[in-house]
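Welcome! Please take a moment with the sequence and the 3D view before reading on. The report below walks through a few parts of the fold in turn.

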Amino acid sequence: MSEQTAEEGTSPGRHVVVAGAGMAGVQTAVALREQGFRGRVTVIGAEPHQPYDRPPLSKAVLLGKAEDSAFDVDFEALGVELRLGCEVHGLRPAAHELDTETGPVPYDVLVLATGAEPITLPGTDGVPGVHLLRTLDDAERLRPVLARQHDIVVVGAGWIGAEFATAAREAGCAVTVVEAADHPLAGALPAEVAAPMAAWYADSGTLLCTHARVECVEPGVVVLADGTRLPADAVVVGIGARPATGWLAGSGVELGAHGEVLADARLRTSLPDVYAVGDCASFPSARYGERLLVHHWDNALQGPRTVAANILGETPAVYDPVPYFWSEQFGRFVQYAGHHAAADRMVWRGDPAGPSWTVCWLREGRLVALLAVGRPRDLAQGRRLIEAGRHMDAEALSDPARPLKGATAD
């Protein structure tokens with residue numbers, strides 16, 4: 001992996017190409033300019049639309065409250081070239097060229113920021129009425145479905161499934177959510193933490209079917225493995241996403257078990273002059289002692305600053321954030337910070353049957369993660385405590401009336 005001097009990093013003769021025009025790609029271009037890079041910057045995006053933010057797709061755009069969610073970035077003023085509606089097909093590192101549908105694009109430094117793509121439900125290709133929700137075009141196809149107040153079946157009770165169900169209920173649709181696991185958010189949270197959230201579905205008038213596997217989807221009907229037939233004018237699939245890295249096959253970029261680019265602590269890949277950031281890449285976390293693959297907005301916002309700093313090369317930067325994300329669902333504002341996989345203790349703050357509560361995870365007495373429902377102050381203070389590696393007094397921590405910052409043990 002090559003090291004660049006400060007002089008080389010700011011050199012006006014160098015060309016940085018960013019593959020991907022989502023949050024991670026756009027913020028990489030912005031960060032390069034903010035940190036003083038004077039060379040050429042080209043951002044290549046597969047979609048024809050002006051680069052846009054994704055979270056509003058499941059909210060304002062979907063409900064017709066906004067036409068789009070384009071980034072408020074003046075690319076011309078920044079001197080950033082956009083090539084939109086242009087798919088990348090391959091990478092030839094020996095030639096320092098990126099292959100696209102409009103021809104090869106040479107680079108001095110390449111940043112992989114192609115994000116993730118939704119996992120499709122097997123057997124649904126070509127079945128009418130089956131939708132994904134990842135792009136602006138997806139949201140625009142779904143908007144009239146909600147406006148007609150159709151019967152909708154959502155497959156998957158993860159974050160995107162819950163957010164879409166929330167919007168569909170707000171639009172007046174009849175919504176059934178089908179989940180193979182025994183509780184919502186099964187891939188993200190322990191059962192005892194996610195279980196109280198199941199009641200949110202019923203409170204909103206959404207039918208949640210757990211332990212339910214889809215056998216097949218027919219026009220107008222979702223058939224479950226137990227024979228249940230659910231009427232469905234539309235089916236929205238939210239069963240996860242995978243890094244959009246298939247195009248890197250044979251390039252020499254080292255990929256992980258989930259297809260993610262294996263970046264190092266500076267977000268460099270296994271190839272010289274190639275970085276990776278956002279949903280398509282994992283990174284080693286010294287804080288948590290394991291490699292993290294984070295498919296959330298904040299990761300796509302923060303990582304580009306590290307990439308830009310390392311491209312410029314003045315002060316090498318290591319990427320080891322406290323992961324953070326939020327979700328608005330069924331009238332609740334849910335926030336999460338940290339990584340709880342290796343925690344050895346869990347502490348509740350407040351009644352999970354109530355409107356606001358927090359769960360804290362500790363490891364050897366230190367706060368490593370928390371989930372806050374309707375308690376933004378807990379989240380803000382907890383995130384700082386995680387960053388500082390503070391030890392906590394578990395008894396004081398369990399008192400919801402006590403500020404988190406006042407529950408430290410050191």
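## Terms and ground rules

Axes here are lines fitted to C-alpha atoms, for helices over the stretch in contact, and angles run from 0 to 180 degrees between N-to-C directions. Contact means heavy atoms within 4.5 Å. Helices (H or I, at least four residues) and strands (E, at least two) are DSSP runs, numbered from the N terminus.

This is a predicted model, in which local features need pLDDT of at least 70 and side-chain atom pairs count only at pLDDT 80 or more, while totals for chains, interfaces and linings use all residues. Residues are numbered from 1 along each chain as its sequence is written, and side-chain values use heavy atoms, with hydrogens and water left out.

Strands of a sheet pair through backbone hydrogen bonds, either parallel or antiparallel. Here five strands make an open sheet with parallel pairing, in the order S9-S16-S10-S11-S12. Strand S9 (130–131) and strand S12 (207–209) are at the edges with a single partner strand each, so one side of each has no neighbour in the sheet. Two strands count as paired if DSSP finds at least two bridges between them. S9 is joined to strand S16 (residues 234–237) by two bridges, and His 131 sits opposite Val 236 in S16.

Helix H5 (residues 159–170) lies across strand S10 (151–155), strand S11 (174–178) and S16. Relative to S11, H5 runs at about 165°.

## A hairpin

Now look at strand S20 (residues 281–285) and strand S21 (residues 290–293), which pair in the antiparallel sense over four bridges. Ser 285 has Glu 290, in S21, as its bridge partner. Four residues separate the two strands of this hairpin, and Gly 289 in the turn has a positive phi of about 70°.

Helix H2 (residues 23–34) has 12 residues, and its end C-alpha atoms are 16 Å apart. Of its 12 residues, 11 are buried (under 20% relative accessible area; exposed is over 50% and partly exposed in between, with a 1.4 Å probe and protein chains only). Among the buried ones are Ala 24, Gln 27, Thr 28 and Ala 31. The partners that the buried residues of H2 pack against include strand S1 (15–19), strand S2 (40–44) and helix H8 (297–312). After H2 comes Gly 36, with a positive phi near 100°.

Pro 304 lies in helix H8 and is buried, at 0% relative accessible area. Leaving aside neighbours within four places in sequence, Pro 304 has contacts that include Ala 24, Gln 27, Thr 28 and Ala 31.

## Ser 58 in its loop

Ser 58 is found in the loop between S2 and H3, and counts as buried at 4% relative accessibility. Its side chain makes a polar contact of 3.0 Å with the side chain of Glu 163 (a pair of N or O atoms within 3.5 Å; within protein, one must be able to donate a hydrogen and the other to accept it, and residues adjacent in sequence count only if both atoms are side-chain atoms). A polar atom of the Ser 58 side chain also lies 3.3 Å from the backbone oxygen of Pro 55.

## Cysteines

How many disulfides does the structure hold? There are zero, a disulfide being a pair of cysteine sulfur atoms within 2.5 Å. For Cys 280, the closest cysteine sulfur, in Cys 86, is 17 Å away, which is too far for a bond. Cys 280 is buried at 1% relative accessibility, and Cys 360 is buried at 0%.

Conventions
Expected span 1.5 Å × (residues − 1).
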